[in-house]
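The sequence and structure are shown first.

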Amino acid sequence: MYYLVETEKPFEQAVRDLEAAVVRNGFGVLHIHDLGTTLRSKGVPFDQQCKVFEVCNPWQAAKVLDADMRLNMALPCRISVFTENGKTRIGLIRPAQMLSALSDDPALREVAEEVEAKTIQMVDESR
């Protein structure tokens with residue numbers, strides 16, 4: 001269900017490289033949630049770093065929404081860069097598996113597989 005890699009890069013370098021890989025692969029970055037900073041700003045003791053990228057290819061998103069508008073709740077795709085036990089990791093929940101749990105439409109499966117291949121490529125390029 002997860003695609004997760006470890007990188008030797010420092011956290012901030014992995015974040016920059018992921019942002020560049022998203023754009024290179026024809027997606028846009030809609031937002032980057034800095035969960036670590038947000039938690040700490042609320043007084044929560046949290047020692048790790050975690051940035052969650054919301055990424056989207058509008059053409060692929062439109063195909064999903066045209067097939068089943070309820071799937072807006074599964075969009076956009078998310079890719080995370082985070083630290084854990086002193087290591088930097090980059091990962092995502094596989095879109096094909098997630099959408100297959102929500103729909104059995106073969107056309108959606110094809111879109112999800114295409115998106116999954118691209119998002120995995122982004123992770124691998126930023127590793």
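Is the crossing of α3 and α5 left-handed or right-handed? In this predicted model, the two helices cross in a left-handed manner.

**Helix α5 and its partners**

Helix α3 covers residues 58-67 and helix α5 covers residues 106-126; they pack at an angle of about 155°, and their axes lie 10 Å apart. Angles over 145 degrees count as roughly antiparallel, so α3 is roughly antiparallel to α5. On the α3 side, the residues that meet α5 are Gln60, Lys63, Val64 and Ala67, and their counterparts in α5 are Leu108, Val111, Glu114 and Val115. Sorted by class, the contact of α3 with α5 contains 5 nonpolar, 1 polar and 2 charged residues.

Helix α4 also packs on α5, at an angle of about 155° and with the axes 8 Å apart. That angle makes α4 roughly antiparallel to α5. The crossing of α4 and α5 is right-handed. From α4 the contact involves Pro95, Ala96, Gln97, Leu99 and Ser100, and from α5 it involves Arg109, Ala112, Glu113, Val115, Glu116 and Thr119. The residues in this contact of α4 with α5 comprise 5 nonpolar, 3 polar and 3 charged.

α1 passes α5 in a right-handed crossing. The contact joins Ala14, Asp17, Leu18, Ala21, Val22 and Arg24 of α1 to Met122, Glu125 and Ser126 of α5. By class, the contact of α1 with α5 has 5 nonpolar, 1 polar and 3 charged residues.

| Helix pair | Angle | Axis distance |
|---|---|---|
| α3 and α5 | about 155° | 10 Å |
| α4 and α5 | about 155° | 8 Å |

**The nonpolar core**

Which residues have the most contacts inside the largest nonpolar core? They are Leu18, Val55, Ile79, Val81, Ile90, Met122 and Val123, in a core of 28 residues. At least two core residues come from each of β1 (2-7), α1 (11-24), β3 (50-56), β4 (77-84), β5 (87-93), α4 (95-102) and α5. The element that gives the most to this core is α5, with 7 residues. Two of the residues named for their core contacts, Leu18 and Met122, also take part in the contact of α1 with α5.

Residues up to four places away in sequence left aside, Val81 touches Phe11, Ala14, Val15, Leu18, Gln49, Cys50, Lys51, Phe53, Thr88, Arg89 and Ile90. Among these, Leu18 and Ile90 are also listed with the most contacts inside the core.

**Backbone details in two loops**

Where is proline 76 placed? Proline 76 sits in the loop between α3 and β4. The peptide bond that joins leucine 75 and proline 76 is cis, with omega about -10°.

Asparagine 85 lies in the loop between β4 and β5. Its phi is near 55°, which is a positive value in a residue other than glycine. Because its relative accessibility is 68%, asparagine 85 counts as exposed; the cut-off for exposed is over 50%.

Terms used:
Residues numbered from 1 in each chain as written. Predicted model: local features only at pLDDT ≥ 70, side-chain atom pairs only at ≥ 80, totals over all residues. Heavy atoms only, no water. Axes fitted to C-alpha atoms, helices over the stretch in contact; angles between N-to-C directions. Helix = DSSP H or I, 4+ residues; strand = E, 2+ residues; numbered from the N terminus. Parallel < 35°, antiparallel > 145°, perpendicular 65-115°, else oblique. Left-handed = near helix turned anticlockwise from the far one by under 90°. Contact = heavy atoms within 4.5 Å. Nonpolar A, V, L, I, M, F, W, Y, C, P; charged D, E, K, R; others polar. Core = buried A, V, L, I, M, F, W, Y, C linked by side-chain atoms within 4.5 Å. Buried < 20%, exposed > 50% of the residue type's maximum accessible area, 1.4 Å probe, protein only.
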